[in-house]
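Try each task before you read its solution.

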Amino acid sequence: MKKTDIASTAPRVAAGDPTDWNLPDLNLLKVFEAIYDEGGAGRAALRLGVTQSAVSAALARLRALYGDPLFTRTGRGLAPSLRARELRPVIGEALDKCRQSLALARPGRAGVAGRSVTLGLSDDFEIALGRDIMDRLAVEAPGLRVIFRQAHSRMAADMLMAREADLVIASGGLSAAALQKALVGHGGYACLLDPASLRRGQKALSVEEFVRREHVLVSSGGFIGVVDEVLHGMGLKRRVQASTSHFSALAFLLRGGAALATLPEHAARGLARAAGLALLPCPVAMPGYAIELGWRADALRDPAASALRRCLQPLLEQYLWRTLSV
């Protein structure tokens, strides 16, 4: 029997009629999601297991359906239009609802193998916890792929609302009514240095040496950090030699010099182990900060997001409790 498009056989009714079943193929929405997330038709085709020509044909139908180009070609692939950015959370929610309905229809058999779930976090948490998260998911949710996506507290809530992340680890900023959160620990700070810049057997820094040394600042803004605010309150000032937006860069920026970096202790421990850097207590009294795990109120109906949360919460609580002091 010749295959026909469902839409071509649906009854024609007046626009706005509640009995209008002349809806587009849901596979078109999956194509939209894949192109948006992957940034190109070729990668979307690989993700969906179809040909690139099939993705291109689906994109043509989507453009006609929404009356908008949706994606324009750039030197790095396909960039979403303003309308596409508006559609992404709506389409993402619709597809999530479909996945949730299938999970309800097949209790105990939905599984997560072949699924992916996105975790928004800054690279200090990725450095500290990424490997443990992968190992735990391999045992508790085999076949589930975790996507680590860069985030920080000022953008974490927006990422959740835009469905660019399923869960986030953040230090505040998760106050929107549609979001839920759990306090998983409190963080502190430590210092990293090249061990060759320390005296033999040195295990601590004085405040004087801390201020005298040059510093590498990790900041999304690149100018002022919490250390500067604390020192200002003490009537002191430090010299910042360089700034970076990535904690992982410290493994390379600190080696071979006398500069130090002050960073969250969980990341400092991971970098010290991986890069052979010296880990010392911060000699000035730094404020602590709350660490929260956040998600959309409806996200945990998805078995994949629920599996990640079950993995994350005890792991975070255990790890942060273990590293509260140097």
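Predicted model: local features only at pLDDT ≥ 70, side-chain atom pairs only at ≥ 80, totals over all residues.

Residues are numbered from 1 along each chain as its sequence is written, and side-chain values use heavy atoms, with hydrogens and water left out.

**Exercise 1. Classify the ring pairs that involve Phe-71 with Phe-32 and with Tyr-36, and find where the partners lie.**

Step 1: recall the criteria. A pair of aromatic rings is described by the distance of the centres and the angle of the planes. Rings of Phe, Tyr and Trp (its six-membered ring) pair if their centres lie within 6.5 Å; planes under 30 degrees apart count as stacked, over 60 as edge-to-face and the rest as tilted.

Step 2: apply them. The structure holds four aromatic pairs. One of them joins Phe-32 and Phe-71, with 5.5 Å centre to centre and 50° between the planes, and is tilted. Phe-32 sits in helix α2 (residues 26–38) and Phe-71 in strand β1 (residues 71–74), 39 residues apart; helices (H or I, at least four residues) and strands (E, at least two) are DSSP runs, numbered from the N terminus.

Step 3: check burial. Buried means under 20% relative accessible area, exposed over 50%, and partly exposed in between (1.4 Å probe, protein chains only). Phe-32 has 0% and is buried; Phe-71, at 1%, is buried as well.

Step 4: take the other partner. Tyr-36 and Phe-71 have ring centres 6.4 Å apart and planes at 70°, so this pair is edge-to-face. Because Tyr-36 lies in helix α2 and Phe-71 in strand β1, the pair ties together parts that are 35 residues apart in sequence. Tyr-36 counts as buried at 18% relative accessibility.

**Exercise 2. Work out how the buried residues of α4 are arranged around its axis.**

Step 1: list them. They are Val-55, Ala-58, Leu-59 and Leu-62.

Step 2: look down the axis. The buried residues of α4 fall within an arc of 105°, so they line one face of the helix; the arc is that of the directions from the helix axis to the C-beta atoms.

Step 3: look at both sides. The buried residues of α4 pack against α2, α3 and β1 (contact means heavy atoms within 4.5 Å). The face turned away from the buried side of α4 carries the exposed residues Ser-53 and Ala-64.
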